[in-house]
There are 4 protein chains.
Amino acid sequence: MTEIPTFALASNKLKSERTIVNVGDVQIGGDKPVIIAGPCSIENRNQLLTTARAVKVAGADIIRGGAYKPRTSPYDFQGLGVEGLRLLSDARAETGLPIVSEVMDARDVDTAEAHLDMLQVGARNMQNFSLLKRLAECSKPVLLKRGPSATIKEWLLAAEYLLVGGNESVVLCERGIRTFETEMRNTLDLVAVARVLELSHLPIIVDPSHATGRRSLVPSASRAAIAIGSHGLIIEVHPHPEQALSDGPQSLNLREFSSLMESLNLRNMSHVTSSVNDRHEILSTV
Amino acid sequence: MTEIPTFALASNKLKSERTIVNVGDVQIGGDKPVIIAGPCSIENRNQLLTTARAVKVAGADIIRGGAYKPRTSPYDFQGLGVEGLRLLSDARAETGLPIVSEVMDARDVDTAEAHLDMLQVGARNMQNFSLLKRLAECSKPVLLKRGPSATIKEWLLAAEYLLVGGNESVVLCERGIRTFETEMRNTLDLVAVARVLELSHLPIIVDPSHATGRRSLVPSASRAAIAIGSHGLIIEVHPHPEQALSDGPQSLNLREFSSLMESLNLRNMSHVTSSVNDRHEILSTV
Amino acid sequence: MTEIPTFALASNKLKSERTIVNVGDVQIGGDKPVIIAGPCSIENRNQLLTTARAVKVAGADIIRGGAYKPRTSPYDFQGLGVEGLRLLSDARAETGLPIVSEVMDARDVDTAEAHLDMLQVGARNMQNFSLLKRLAECSKPVLLKRGPSATIKEWLLAAEYLLVGGNESVVLCERGIRTFETEMRNTLDLVAVARVLELSHLPIIVDPSHATGRRSLVPSASRAAIAIGSHGLIIEVHPHPEQALSDGPQSLNLREFSSLMESLNLRNMSHVTSSVNDRHEILSTV
Amino acid sequence: MTEIPTFALASNKLKSERTIVNVGDVQIGGDKPVIIAGPCSIENRNQLLTTARAVKVAGADIIRGGAYKPRTSPYDFQGLGVEGLRLLSDARAETGLPIVSEVMDARDVDTAEAHLDMLQVGARNMQNFSLLKRLAECSKPVLLKRGPSATIKEWLLAAEYLLVGGNESVVLCERGIRTFETEMRNTLDLVAVARVLELSHLPIIVDPSHATGRRSLVPSASRAAIAIGSHGLIIEVHPHPEQALSDGPQSLNLREFSSLMESLNLRNMSHVTSSVNDRHEILSTV
């Protein structure tokens, strides 16, 4: 008899087929990795639309941009709020790409739901259970970032709050954990992606920008994420990273993002799929 | 010239006298350590009132009890909510002691403020900035727990959100951080208490229950906390820990709490005060 | 003017060309990733030679096997010692592949140097400075594992002990760091590989076996390691992992190792090389 | 039936009476906390003897001083070696106090054993099993520091190497673990002291100097250590910390050490003893 894990609905023991989450008409969880790109913070119309157009041309599938910004210090730029959501809607209108942004407060979910194609739960809110319960009733998919000190099981239990409350469109996002190592902003736990693929049917993507905190490491972290089976990437892009109001050091400029997209060569992903099959074959023989 | 730290209002560089926070008529931050005690979760009237009476007799200053419960799993007991706040009010009416409880959602602050003498921000919500901003406008003091992976500076910046928003009655609470060591539930960072006393004018207390996760370690952790200069303790007490709906293994029973209070011998705290003076003297000569 | 880092000899600021380390006639640090494989502990002649023959057929470049075993408990199997080194020599004679094994004590270096083609410093000995100083005078290359709580800079400073003492043939090995996450044995810090490639001219490989502690995760971790630019892998293989005297749960059996080698498809590594070039191009434009 | 832990000889399940370790004529593990003090590195005769005389006058029981120095960088001062041991012997001759120093290499144990009253295993060598096995045959007691990323169980298993090899005079030393928090040099895990007292019959002391890395925090950390039941302290003292060749920022000067000793008031330790009894009473009723 199969033991039921505590994250019963997130587990693949009760649901063996992989979940595909639809964000607008983009599918996350299928064979082709999905690329989400855009600025950390939405600063103004020009910054956002310039970025949105460029990442679309480069091949991005979804636009990201921060409207409500969780900032360690109250003296840092706190985001444009609803105005940011409106600008994101304009970016969607112009590019035709779906949009995702973080929501930090259950009181903002109605507004965010009206504007966005996917709502993000930030790492520091992964165990904000009030927010999770509200998002469980939301009609839009949720991008659930892993908390900086959350175990894989706690993360899947946070997803369970969404699933048990009725929202089955959950995408997980590994963005690095906090460890003793300070050379990078966080420690990207890429093996956690492979482990989640063993434990859960939910799709999972990787945020190489927050994980590394260093622009120069984003391309190699992205390649490794795809190689390990991530269903996508969420990457910070800014027209002028050196002037960004937040996270400049980890943001790619438009040309760098375009180069990265070329090097990822996502059209030919058959080797990854076969790799996953290899793994399952290996598992089944052990 | 003195450098202003990023947590300008929480720092003692701009305000050198220590802050005393009044919770009802109890003062936190003065010479006498304050003891907060009560059950992890409020389960029913009898459980709460039995505990409240007993901890009062044993010498506790403030009653604690969880009404809104942040639980890792959605399948665990989620707390009685508003009904729990009402029961806490009854406990205050009967014992005359002020009451504190956690609030997890900005939408619940109005109700909580009406019932409670102090509102607690739980460890997992330390960087729930929406909640912090709402509590900054609250008329009641706030007990701000350190996040399990928060640095001291991030913790003081979370306090800064409260201070800059207008609430000057902030009490910090060290409750253990998450490390590689799993023998205890968390790693109690007692030196952080001493460091906070160097950096900030805010009072700080210690939670030995969550820090250790083991009943048998609560008394020694409590003694060490007082010795290092903590302004108080918050301790989980339950009439029948083995039947508790949450945190039983770390809860003291009524007799154990009474024994602990006797061993702490808080009436004679002059040695601690002189110790703090020694430290300042040492500092001033370096 | 370029600032000289504290790890002057390990840094690529003073030596820009990448170091190639020759282990027998195998080169580590060039375009083709090098695969080191073999049992965690050498248990007997048959176990070692069976494994050695099989990993050679599967395409491994170097044979590994533990003779001196660092074990957390004194009651665990402590290794065959010198007899293990002799069996490894036999494996080299039969397969023609070079051999590597860990040495734990400066007093054993003479003997180990006589038998082995490369000497390994284990993770727990990364800051065993007596051992490092002795190995600095050794004529054979050194495989230097990262300590479980060592920062990248401490690791490069450990390499500096070898370099400044005269041994320029140093290969670094990322094998996972210790964090709060217990789902895997360690947390594989793959981005550290990319960061070391930015900071140092030394070759670096990855140990997916110790990093994950789970056989099922070794293949995906291996693929990600190659994708991020690792110069090779060191993988634990055992004819019958379920009977292994150490590290059975993370060891591949002979067939699994063969499958992994096929899926890695190391003959065609041009995409990785071009990826590294892309990264450098991106860096040079920032 | 009582389960035998893996650290059978270190456990108090098989040996219930507490071990007292004799260092010269000083007893570690009894009612009175033992104070070990002296410079991080022995720099020259005058520095060592000045310190030794002063800490004796202030009430220290044992002199410490580093002769073989484990240094992260090969370019840092590496210690005086045997000459340092000779100077320590002179300090003993002049003060009459026993002496302790670190040994890093099994090859140095003979010499160290001839000079010292206790041999220290440094944190980075806690799992240097070759060294442990050699020290197991040593006639002198061993001070075993906890590794910066060692669990309590791994630490007790390192002690087990000494006990099973025949050396029953083992003193444990908590010196802080490595965590994400960088405000202090390490995170002092004081509750680990209380937990070790529950698990083992071995005496345990605390190193507040390495744990905090900040002179100003040493007095409060020392008081908390004594309060939680530590059998002693090992404190770095230097006549002129600002000129020290190592660890200056965490060393007390002679006057600061004298003030600390007065504030600790170790002559009257009855409250600690009764506290430990309280704890055992509480435990026995649970």
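**View 1. Residues joining helix 6 and helix 8 of chain B in the predicted model.** Leu190(B), Val191(B), Val193(B), Ala194(B) and Leu197(B) of helix 6 of chain B touch Ala224(B), Ala225(B) and Ile228(B) of helix 8 of chain B, contact being heavy atoms within 4.5 Å. Sorted by class, this contact holds eight nonpolar, no polar and no charged residues. Here Ala, Val, Leu, Ile, Met, Phe, Trp, Tyr, Cys and Pro count as nonpolar, Asp, Glu, Lys and Arg as charged, and the others, Gly among them, as polar. The model is predicted: local features need pLDDT of at least 70, side-chain atom pairs count only at pLDDT 80 or more, and totals for chains, interfaces and linings use all residues. Side-chain values use heavy atoms, without hydrogens and water, residues are numbered from 1 along each chain as its sequence is written, and chains are lettered from A and ligands numbered from 1 in the order written.

**View 2. Axes of helix 6 and helix 8 of chain B.** Helices are DSSP runs (H or I, at least four residues), numbered from the N terminus. The axes of helix 6 (residues 190-199) and helix 8 (residues 218-228) of chain B come within 9 Å and cross at roughly 20 degrees; axes are lines fitted to C-alpha atoms over the stretch in contact, and angles run from 0 to 180 degrees between N-to-C directions. Helix 6 of chain B is therefore roughly parallel to helix 8 of chain B, a label for angles under 35 degrees. The crossing of these two helices is right-handed, the near helix being turned clockwise from the far one by less than a right angle.

**View 3. The contact of chain A with chain D.** Four residues from chain A and four residues from chain D take part. The two chains bury about 300 Å² between them, 79% of it on carbon and sulfur atoms; buried area is the accessible area (1.4 Å probe) lost by two parts on being put together, summed over both. Arg178(A), Phe180(A) and Thr182(A) supply 90% of the area that chain A buries against chain D.

**View 4. The rotation relating chain A to chain C.** Chain A is superposed on chain C by a rotation of 180 degrees with 0.0 Å of shift along its axis (RMSD 0.0 Å), using least squares on C-alpha atoms of residues with pLDDT of at least 70 in both. The two copies are thus related as by a two-fold rotation axis. In chain A, Ala224(A) has the C-alpha nearest the axis, 2.2 Å from it.

Key: Angles under 35 degrees count as roughly parallel, over 145 as roughly antiparallel, 65 to 115 as roughly perpendicular and the rest as oblique.
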